[in-house]
Amino acid sequence: MRKIINISILLLILANVSAQHFVGGTLSGSAGYMTDNIDITHSRFGGGADLGFVYEYQRGAFILDIGLQASWSVVGQDIDSMDIDYNMVDTRGIPFSYLGRITERTDKMLRTEASVPILIGAEVNNVYVLGGAKVNMTLLGLTRQNARLYTAGDYLGRYYDLFENMPNHGFYDYTPIKSEGRITFLPDVRLYGEIGGNVNTRLQAKLRIGLFAEYSLLNVNKGGYEADMVIPDLSRYMYIDMTNVYASKTVGSSPLHNLSFGVRLTMLFNVGGQSYDKNSNCHCMP
Amino acid sequence: MKRFIAFWSIFIYSIVGFVICAQQDTEFMISNSVNIRKAPQNHTDAQICEGETYLWNGKTYYDSGEYSETITNQDGTTVTVTLSLSISPFPDLTVRPDTAVEAGEELELWTKGADFVSWEPANLVTKTAEQRFFASPAQSTLYTITASTKVESRNLVYNGSFEDGNVGFTTDFMFFRPYSPENVVFWGYYTITDKTQGFRWPSSALGYGGGGNMLLADGYDYPGATVWEQMVNVEPYTFYAFSAQVMSCYISNSHNSYALLQFLVNNQQIGPVFHSPSELYEWVQFYDIWYSGEAVEATLTIKNLNEDGVGNDFGIDDIRFEPMSCSISEDVLVLVWQHSTADTAVCQNQLPFTWNTKHIAEQGVYVDTIVSSTGYRDSIVTLNVTAYPSYDGIIDRQTITEGQTYDWEGDAYSVSGYYNKKLTTIHGCDSAVTLRLDVIEKTKKTREIIADICEGDGYDFYGEIMTEEGMYQKKIEYADYDSVITLRLFVHPVEYDDEYANIYEGQTVTWNGEIYDAPGNYTIRQQTEYGCDKFVTLHITLLEKTVRTRQVSAVICDNQTYTFYGETYNSTITVTHEEHYAEYDSIVTLDLTVNPSYSDIIDEQTIDYGDSYTWEGDTYSKSGDYTKTLTTKDGCDSIVTLRLNVEKTYVYPLVENISISNQCADNQQLDVELLQSGGAIERMEISFSGRDKGYGFAPQSIMMPQEHNIVTHSARAGDYTAHVDCYFDNEVVYTADIKFTLYYPSAVLEQAWNDVMVVLTQEYNGGYDFIAFQWFEDGRMLEGQTDSYIYQPLRMGAEYSALLTEVDGTQLMTCPLVATEQTDITLYPTLLTKGQRVKCYVREDAYFVVYNSIGQVIETGNIDNGWSEISVPQNEGIYVIKIVVSADKERTYKIMVR
């Protein structure tokens, strides 16, 4: 990181009066998911958006972008069906096995992140290419787990059949349930690449539209969780609570990486140096 | 050794080659023969050993082969000379390795790889057996083995096959040319003849060689006559094989007419005397080996030792004298151990020393091997070393007391110090000893004596008699110390004592083993604890006897007795009992009063059947004697008897029907309903048989009209048949088999909550295994409720039952279970962490009590209807929470805090 900053400063020093300076904002929409190596999870695509501020230095074809972005993303994992079996005592004081199955479970995360992209590239004939690193940090991670719950009472041989479908006694017949929680991730450095072109507008500004992709270089799994994915909820009678798989001990030391790609709009305003000629693609002699 | 042989072989071949060459231009003569044959002048046969070279006509030859040279003579003529050079190999000799033996021990000197071997020195070889040599040398010997292998090469004998005729040998026989085949030769004659010409022997006699010439001779009486002799040049240190073919051609059976031929080399016989074949015309070969040693010439001789002229005709052919392979020599060293033993004694301080190669550091037996006079290290010497001790610096430490002397090695010492002397042990070894003498000062010891004497006695205190109490001291000097003795003397006086005793007349007193029966003073002498005299006096006084009187009064019933001093009384009487003791006389007077008792008073009454009679508080309705025991005013028994007679004027009962009501299986008794007219039966005898008997029913008797129930004992649900016999006046008046049903008890059902009614399993319902269910509410079948439980809001107060089917097909109803309002109390969780609160739900207002594990109340509080929270103790442990709604609605939960 320090090396990248040094190089960036060096490039700024080397700038001369012919260089152009731009500031602007970015807006993007993306699709992505998180990768892991957990057996029972199946990553599903989610969506995201970010809003950011960017400074661009341009000298000739060379461009350097430094910015600050805030992003929101939702990704999720489909979880395989899970069976539960707890020894409990009912309100009459009679012990029984609280059997159950959780199906159609989906764990989703809504993340609010801040990131600092440091990108270099080139712009030729209104076509630009940017690549570099993006330092990313999760500011807030909210989780929501949805599933269907089936439970039954096995009275250890006392009764002939399982007690089923008695919701007032805690025996549910594939009832939708949900749980919510929080999650944190480690800081991340993402490899970022973007390609696109300038779009003619009536504004004295440069509007870019490009496609981008980014991928986590680091494992963002914080690890050290001790909670089970499924927990009998002691605050509610005969109910099951769920912990996000990435915030449970199931995640273990599994590497977690983000992968996303999308479309980015960038609006840049010339704030110094040679004025921006939005018709510069005419290659007219000065 | 091989190099040595090779060198000499080269040298000898060079000489032989020179000689041969020298003879090439000369004739050689046979002493008694006129036949002269020139040896070939232009051909040389030569033989060398492997690795050797052959020098011929100034050139060196290395390999076997035929070589030719053209030589120009002095006269200018030229001659072509040829050389046949052969290379003789060395035998692949292996000999036994060097060895060591004890003297007198025989060992085998074996060899391998050679046809012929000889051992030197031969006189130290004890015996041989087919190239196996045995030796038992007295001392170490280096044996040299010379070995050779036969090589098919050249025959050194000239005209050995007689093909050149009668030339090349000398003989003592006369030459004769036979004129008749009938007479081979005459005595002492020989001839050289063609084996195929003019002779009478069969073709088989052609024998060796199949043809050609042979020497034919007739032995005669000239002892040791030489048959054939020829001198040849030989190479030293080489084996030669001497052989010839011999045939008998005329044998006289009346004589010992076999030729006895002796083969000699340089006038030394080789091999045994050869006996010509016993079969005519059969060729047999003589063959033996000769070793040339240092000889360079060999005279080969065949002599006939048989002097009989009759018969003794023999033929000789193919005489050969052939060199063997190159000889090789090996040495075998046989060490013969020579043992010797010596003893030596040294002083310890002479150790260590060196003996031969040994370092002698301590006493012991040492063995070494040294070179003996034979020049070999074969002498085993044993040295027994005895080391006698020598002493150096031995300190004799002695201690004496001041004023004493110590005698040591002839001198007396009285002053502390070290004294050295050098002595000699009995073995002559040095003994340097030191006396360390310590002179110590005298010590003073004190002793105290405590002595007790009696008044008038004395104490001997080291010769002085002490009689007065006090403390005395004496000092006594000993050699080692001075002793100061202190005497503490105590003088004890004579003591006196008195004792007293009272006796009545006739009594005695035993005192110190003596019996005293009269008043008076009696004195005895005893000893005090110090052994001094003690005089004790007993004073006995005689006392007078007294009289004691006592009055006893007693009252008894006449069916009782009273015992007074062993006597039994049963009537009113006054008696006196006296007893006399040493101290007094006792007089006891008894006044006994006897009151009457009554029995066998019979009150006889008669009543009608069915009536009763009340007597002394009890009511009787049956005939019989009834006895009661009463009490008189004096407290005595009054036994009275009622004899009740019942007139049998009864009506005979008529039983119209008996039935047993169906019941729940968990009822303990069954109601028996009896419908009768006329009289009343007295009892019923009920019995069960078969399966019913084993299902919890036992035979029983029901007394009528007081009883009317059948008692069951854990009967299972099912259909039963009871056999009933009704009795009246001990006669069976009615008999019937009554069927009834026991329903499943209501306990097989359980109301779980206010909306669940469930059938319990076999483990919980008393052993019934159900497979089908049909639920009823107040006897009305609930359509579609055929599971093991119903889940619907229960109607409180309604009776719920089920028609249940067992595995064996038995189908019965259950007794109904009335739905009651369940106290809907919910409390969770039961496993808490510190600080966590439990949640509770009740439908009505209630209160709670929290107990700890030993039953102490920890907390109480009220609970409003609905959900509420209860705080529990913060300490880990097990607690009990009781939720009480009303007196009959409460529930208890056990919780654990951790």
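I call a residue buried under 20% relative accessible area, exposed over 50% and partly exposed in between (1.4 Å probe, protein chains only). I am working on a predicted model, where local features need pLDDT of at least 70, side-chain atom pairs count only at pLDDT 80 or more, and totals for chains, interfaces and linings use all residues. Residues are numbered from 1 along each chain as its sequence is written, chains are lettered from A and ligands numbered from 1 in the order written, and side-chain values use heavy atoms, with hydrogens and water left out.

**Entry: salt bridges**

I searched for salt bridges (a side-chain nitrogen of Lys or Arg within 4 Å of a carboxyl oxygen of Asp or Glu). I found Glu123(A) buried at 10% relative accessibility, and Arg208(A) buried at 1%.

Next I checked Glu214(A), which pairs with Lys134(A) at 2.8 Å between the closest N and O atoms. Glu214(A) is buried at 5%, and Lys134(A) is buried at 3%.

**Entry: where the chains meet**

I counted 29 residues of chain B in contact with 23 of chain A (heavy atoms within 4.5 Å). One salt bridge links the two chains: Arg158(A) with Glu750(B), at 2.4 Å, N to O.
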